[in-house]
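Q: Please give me a close look at one part of this structure. Start with a single residue and its surroundings, then widen the view.

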Amino acid sequence: MKARLEESIFGTTGARKEMMKRREYPGIDRLFPAVSVSLQEKVRWRKDLTQWRQVVDKDKSKLELQQEALVSGNLTVETNLIVLDTLELVIQQCSSMPELKPVVAGVLKVLIHSLCCNQSTLYLQNCFNTQRAVVAKFPDVLFDEDSEHCTDLCLLLLQRCMSRFESTRVQASASLYLLMRQSYKVHFSRMKMYITLSLASLAEKISNQDESCLQKSIGTILIYLETDRAMQSTGFLTQVEELLRNLKVVSGATVKLQDFLKDVDMQIDLMYRIAKCLQNYLDLRLMWLRNIAMKHVERKQFVEAAHCFVHSAALVAEYLSRVEGSVHLPMGSVNFQKISINVLEESLVCDEVFSMEREGICTGNCFSEEGLLEYLDEAVELFNRAECYEAVYEIYKIIIPIAEFHRNIKKLSVIHGNLKETFDLILSKDNKRMFGTFFRVGFYGSLFGELDEQEYVYKEPGITKLVEISSKLQEFYKMQFGKDQVEVLKDSLPVKKESLDPNKAYLQITYVEPYFEEYDLKNRVAYYERNSNVRRFIYSTPYTLNGRAHGELSQQYKRKTILTTLHAFPYIKTRISIIERQEINLRPIEAVIEDMQKKTRELAQATTEKPANMKLLQMVLQGSVGTTVNQGALEVAQVFLSEIPDDPKLFRHHNKLRICFKDFLKRCEDALKKNKSLITFDQLEYQQELERNYDALAHNLQPFINRRIPHLYATTRL
């Protein structure tokens with residue numbers, strides 16, 4: 001027996017030799033009937049005649065297999081519990097003998113390793129108890145800056161929070177909560193960072209079921225938080241709630257990304273949410289901003305992609321300003337606000353950014369001057385492709401001081417050459433550029449999920465017609481929900497959800513225009529300025545008191561709806577949620593006053609435009625003094641100015657409409673003179689026809705314009 005053991009240990013035996021030895025046993029003729037008994041000695045192993053039989057579990061009954069599994073599992077649990085008892089004995093000794101505290105790091109390492117393995121729920125319950133005891137007794141070992149135990153433990157606890165077993169989730173949630181509570185006074189910023197980064201590393205592997213289990217664990221932690229009276233008077237409650245809210249958004253949005261592979265708008269919204277929750281974790285935020293930019297580039301939405309890089313550059317500038325503070329670098333995101341007021345959200349107000357470099361965060365090349373310039377160069381290229389030349393100029397104003405500081409004459413030469421080309425393009429393409437068309441889109445119906453009853457302003461490229469975006473969205477959602485499940489509401493009236501079919505999805509799409517107050521227009525003189533940093537939009541809805549949309553001129557009311565979005569366009573998204581709605585109801589006379597003022601502004605703009613645009617001028621003139629329009633203006637005067645209103649409240653409006661007609665006629669006269677100076681001989685007859693129409697309109701309007709309200713002027717003189 002001893003010799004055979006030595007052979008097995010030292011490897012002197014083998015399969016062939018073992019087979020040869022078996023040939024010496026009795027019964028060889030029964031196993032190999034074709035082999036003669038006389039040849040039993042010194043025969044070679046004939047593999048083709050060997051009958052080999054593997055012992056498999058199929059030979060055992062189901063009861064035997066269950067019994068073996070039970071015994072094996074119990075032995076494993078018992079072994080692990082013995083190890084756990086040993087570790088607790090070590091911990092007890094370390095508590096009474098301070099010189100043995102370094103041993104605790106080894107104990108913690110063993111505990112973390114055991115949590116990595118596939119363990120039973122019974123063992124995990126006891127292991128979590130021991131782990132919490134170690135953290136409570138020796139927090140310094142866990143939170144030591146040179147130790148990686150805290151990062152590993154956070155990752156494992158989050159993994160266990162996604163367990164299918166409720167008992168394991170409860171224990172992991174308790175350990176995670178205690179970890180946050182224990183670190184609150186000194187290391188809480190680092191702990192929040194570790195937890196967030198751990199979830200980010202797990203995000204791509206999370207399934208729908210994992211996400212559901214994690215949400216339940218977060219609910220358990222919130223229960224612990226609400227019942228912890230000792231921490232109610234501190235800021236711990238608010239900070240933990242914010243952290244858990246971010247964890248829910250990151251995990252939920254990451255899982256949903258796989259569910260919306262065909263809905264690019266929703267994908268960008270989800271990626272934006274993730275990037276927003278990672279505001280204080282700069283590496284991750286920059287990564288997600290680049291992902292969003294690549295999505296926009298794929299759809300040829302260059303201005304949105306450029307703004308992603310502007311936000312990235314502003315974030316890096318903010319970091320460099322707070323950490324280095326070099327005079328030639330931008331002071332932070334405030335230097336980018338002329339490009340977009342949205343970049344101010346990149347301002348870092350927390351102190352966590354200063355510790356990130358020590359934790360291995362913010363150590364990449366992007367958090368340097370070279371990284372900042374790389375983001376700015378990418379933004380310049382995309383802004384040029386989007387024809388946003390004014391934004392290119394603003395970016396170069398940030399790059400030039402850096403080049404001057406380094407005496408980089410070659411780069412300065414290139415920049416100023418590019419600037420000349422940029423200004424030439426502004427002069428040649430100013431009003432010919434199309435920066436986008438805006439639409440309000442409302443979603444109604446449970447089929448839309450989280451979009452139900454939400455309203456957005458969509459930015460569509462170039463001159464997009466209402467029918468185009470309606471058809472695009474309708475066809476897309478028909479593919480999602482079914483051909484007969486999607487309808488587009490044809491009006492812009494407030495939606496009464498109780499009147500809709502709950503089994504269908506409804507879209508309400510309305511064309512909207514940028515809206516500016518008069519004081520704001522004074523600062524938005526250029527065409528580009530009126531198409532950037534836009535947050536307010538307006539659309540008008542005609543109505544009558546009898547419920548119909550249109551009626552007699554004297555009964556035609558108008559409702560102006562002013563919408564305010566969460567962010568200004570253009571942004572890193574092409575749709576932005578509406579956060580405020582303001583409605584202004586105009587009486588019939590107020591509605592026509594507004595229409596007359598609009599026509600007067602169009603005339604003034606066409607007349608004073610430089611260089612003169614004769615086609616535009618003639619189009620506006622034809623719409624103002626043409627035969628058909630002539631009758632419309634005269635009808636307005638006949639309805640509202642033929643008699644003095646009975647209601648004294650309308651006296652002001654009556655007088656204002658008279659003044660509007662005077663201004664309108666004066667602008668028509670100026671436009672005719674301008675057109676006469678531009679036309680050639682072959683258009684002389686057309687000019688004469690316009691002048692005849694104008695003379696007829698002015699003659700017919702004189703009686704109405706000259707009719708004054710004595711009471712109004714008497715009141716004014718007093």
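A: Start with the partners of Gln582. Leaving aside neighbours within four places in sequence, Gln582 is in contact with Arg536, Lys560, Thr561 and Ile562. Contact means heavy atoms within 4.5 Å. Keep in mind that this is a predicted model: local features need pLDDT of at least 70, side-chain atom pairs count only at pLDDT 80 or more, and totals for chains, interfaces and linings use all residues. Residues are numbered from 1 along each chain as its sequence is written, and side-chain values use heavy atoms, with hydrogens and water left out.

Now place Gln582 in the chain. Gln582 belongs to strand S7, residues 575-586. Helices (H or I, at least four residues) and strands (E, at least two) are DSSP runs, numbered from the N terminus. Gln582 has a relative accessible area of 34%, so it is partly exposed. The scale runs like this: buried is under 20% relative accessible area, exposed is over 50%, and partly exposed lies in between (1.4 Å probe, protein chains only).

The side chains of Gln582 and Arg536 make a polar contact at 3.5 Å. A polar contact is a pair of N or O atoms within 3.5 Å; within protein, one must be able to donate a hydrogen and the other to accept it, and residues adjacent in sequence count only if both atoms are side-chain atoms. Thr564 is 18 residues from Gln582 along the chain, and their C-alpha atoms are 8.5 Å apart.

Strand S7 also covers residue 575. Arg575 lies over the face of Tyr456, 4.8 Å from the ring centre. A charge sits over a ring if NZ of Lys or CZ of Arg is within 6 Å of the ring centre and within 35 degrees of the ring normal. Arg559 does this too: its charged end sits over the ring of Tyr543, 4.5 Å from the centre.

Follow Tyr456 next. Rings of Phe, Tyr and Trp (its six-membered ring) pair if their centres lie within 6.5 Å; planes under 30 degrees apart count as stacked, over 60 as edge-to-face and the rest as tilted. The count comes to 23 aromatic pairs. Take Tyr184 and Phe188: their ring centres are 5.6 Å apart and their planes are at 70 degrees, so the pair is edge-to-face. Phe188 has a relative accessible area of 4%, so it is buried.

Asp210 lies in helix H11, residues 208-227. Its relative accessibility is 14%, so Asp210 counts as buried. The side chain of Asp210 makes a polar contact with that of Ser207, at 3.1 Å. Beyond four places in sequence, Asp210 touches Met162, Arg164 and Lys205.

Finally, the whole chain. It has 26 helices and seven strands. Of its 718 residues, 44% are buried. The mean pLDDT (the predictor's confidence in each residue, from 0 to 100) is 84, and 86% of residues reach 70 or more. Over residues 34-42, pLDDT stays under 50. Residues 712-718 are also below 50. Where pLDDT is low, the predicted coordinates should not be read in detail.
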